[in-house]
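Please read the following points alongside the sequence and the model shown here.

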Amino acid sequence: MNPARLVQSIGWMAFLAVLLVGGGYASYIAAWQQWVLITATALFGGLVLIDALVNRAHDHHDHDHHDHDHGNSTDQWVQTLVHLLPLYLFLTLGVTTLGSQQIVDFSKPAPMSVLTSRHAADDKPVAASTPTSKPTPAPVNTTNAPTPAPVLIDGPTPVEPTAALTTVKDPAIPGAVPLPLMELYFPKKHPGVTRIETIGRLMIPTQEEIDKVPPEIDRADLKLLLYRYVMTCCAADAAPVFVVLRGRDVGELKVDEWVTITGTWVPAPGMGDMAKIDVDSLTVIEQPAEPFLQTPKE
Amino acid sequence: MAVDHLPSTSAGPGSYVNRALFLLLIGLTVVLFPPLAERKPWHDSFATYFIAIVLEAVPYILIGSLLAGLIELFMPSTLLPKLAKRLGLFGIPVTALVSPAFPACECGVLAVARGLMRKGLPLPHTVTYLIAGPIMNPTVLFTTWLAFQDARYPILRAVGALFVAITVGFILWRMDPRRILLPKVSESLAKGDDGHGHDHHHDHDHDHKHDDTCADDCHDHPAPLINLGAALKKPGAAVVIDVTAPVVAAKPRRSFRQTMGQLSANVIDHFLEMAAFFLMGVFIAAAMKTWLGSTGFSDVAASVILAPLAMMLLAFILSLCAEADAFVAASFSEFSLPALLAFMVFGPMFDIKLLLMYRVVFRSWFILAIAGAMAVLVLFYVLALVPLLDAGLTAMGIGRAAL
């Protein structure tokens, strides 16, 4: 293998290995894509190894009498630098995620594709008062028992709040049911649940941004929002899901802070409306290991 | 043993342009992302989009490269030219219809197409496969249904892909492939050197054998490659492939070790060559997503003509994976069925990353011409044919959750 080609291969292997071993890949691609990436990385590593071992002894480029070209040396090394760009970017910035900078419209709860995703096909967003055919069981977790270890019902995102870097903390409310933010648009999946705990990032629109919202939307509700990106395949197709946070002043809170919210869940009255949380407790946390929620691919 | 490598696109008339583009890309990266610089929000957005697209697409480029490597190594050299000759013009729609037999998403399809072309698939057929393949991929059609829960979307998407791919294939039928392919690619196909790109027969003086008895220490001289010349024949012209012609020289039997060596070399060559252009495309796509996003596109949702055009432009900019783009399309609930189909049909055929990847094989004028042709065809399809087809499907009771 010629040196440039070898460096290119090693660059790719290093990039993939750093992300896989370090776990950073989970921040960029959906769970169902991850095994594809792992398999492909193993395949690529195997091929590079075979190429190096098998073709080493009689390397095509070891002899200089050929008149074929694989591009001149300068081009090869320029291309080699291009191959190293993903590794450079990752080493320079580390694991990254999307923030409020990419949010275009915060007046809608989420893209329709998220709200009508497959896993929720039997539970389209409906008015909270819509009667269901099944009897509503008693709330599953509203006693005064100690708060259970939070486990998200869906999605890979760990609910476990990472308690470090807490800057704002209210008294914990016992009995809250941990729910991924997206689940707050599917009340029929969680009958009887009113007190919830969820994780997301803060969106604090400026007055100028609020003024641009269509007048039919209650602007008073848009001063403090919780959002989280939901991906289908990878972070490039991610879209934010919002809920309104009520009963809490912006105060010293900052845009894009990761927080755990506990409070009373007010489901959206209809399709396209915002779900709300009457906030009892807000705790600033570190970014979760997997910042994106995922729509299941069935 | 020596291995046959692919011809590089970094040589030839286009090499200066490519070199300049690559240098610009490297320079921009260093300027925009200097080490230890203060981190800004757009750094995070850009890097997230860039790395996400790379991680999502790389496995598929690799799978496509592997498929191409296997085709080059194991597909009988006379098969594709023979089929193409027998089927004649009918071979174009057949290629489009059987494209799911070589399933690849838009990132991997170019590698597979190169492999097929190097095995003698004529250029019009190759381009037909290139256009239809990503959408006809069963996974893509399934995720389309998943996103909309409506059988009309995958059906109309597949029909749109077939319509555009077959039409483009017919348009290319009488064109000279030498005017379309990069000179280096044409050269390697015309020489019949399996892309070796050099006349390595006997102009060197080392001691290797050229008979069937060679073992590990001999070159892998490919079989007589009349099929590679076939890829350059104009299908509409008198095709002169004589598939019954006697083989000029017997193909040397490869040992397992040689086979693995050749396969690994082929796959790595395919992957590395396309990955450089792919990265350039991803860089631009990430920049567009970071600074433009889909801002303003909703303003034209009500326009019959502008909405599909805007959605095609958006698909070009966003450069999404064909397996995921339906979910994004579904989020544009204010757009009509034709506009959403324009997004989903045009996107896997032509986006920023594909524009750059096509430069591995095609001349610049052809890339622009085919992009224009596809845009016009998609527009015609969604505006003229989709309403009719949609009415027919609805009359048949095919609609939401009908699959």
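**Notes on the model**

1. V78(A) touches R19(B), F22(B) and L23(B), leaving aside residues up to four places away in sequence; contact here requires that the C-beta atoms, placed from the backbone, lie within 7 Å. The model is a predicted one, in which local features need pLDDT of at least 70 and side-chain atom pairs count only at pLDDT 80 or more, whereas totals for chains, interfaces and linings use all residues. Residues are numbered from 1 along each chain as its sequence is written, while chains are lettered from A and ligands numbered from 1 in the order in which they are written.

2. V78(A) lies in helix 3 of chain A, residues 73-83 (helices are DSSP runs of H or I with at least four residues, strands runs of E with at least two, numbered from the N terminus). V78(A) counts as buried because it has 22 C-beta neighbours inside 10 Å, the cut-offs being 20 or more other C-beta atoms within 10 Å for buried, 12 or fewer for exposed, and partly exposed in between. Its C-alpha atom is separated by 9.4 Å from that of A4(A), 74 residues apart along the chain.

3. Chain A is divided into domain 1 (3-61 + 70-93) and domain 2 (100-294), with bounds from an automatic or database domain assignment. In chain A, 8 residues of domain 1 are in contact with 11 residues of domain 2.

4. Chain B has 17 helices and 0 strands, and 57% of its 403 residues count as buried. Of the contacts in chain B with a separation of 6 or more, 85% are between residues 24 or more positions apart.

Definitions and conventions. Contact = placed C-beta atoms within 7 Å.
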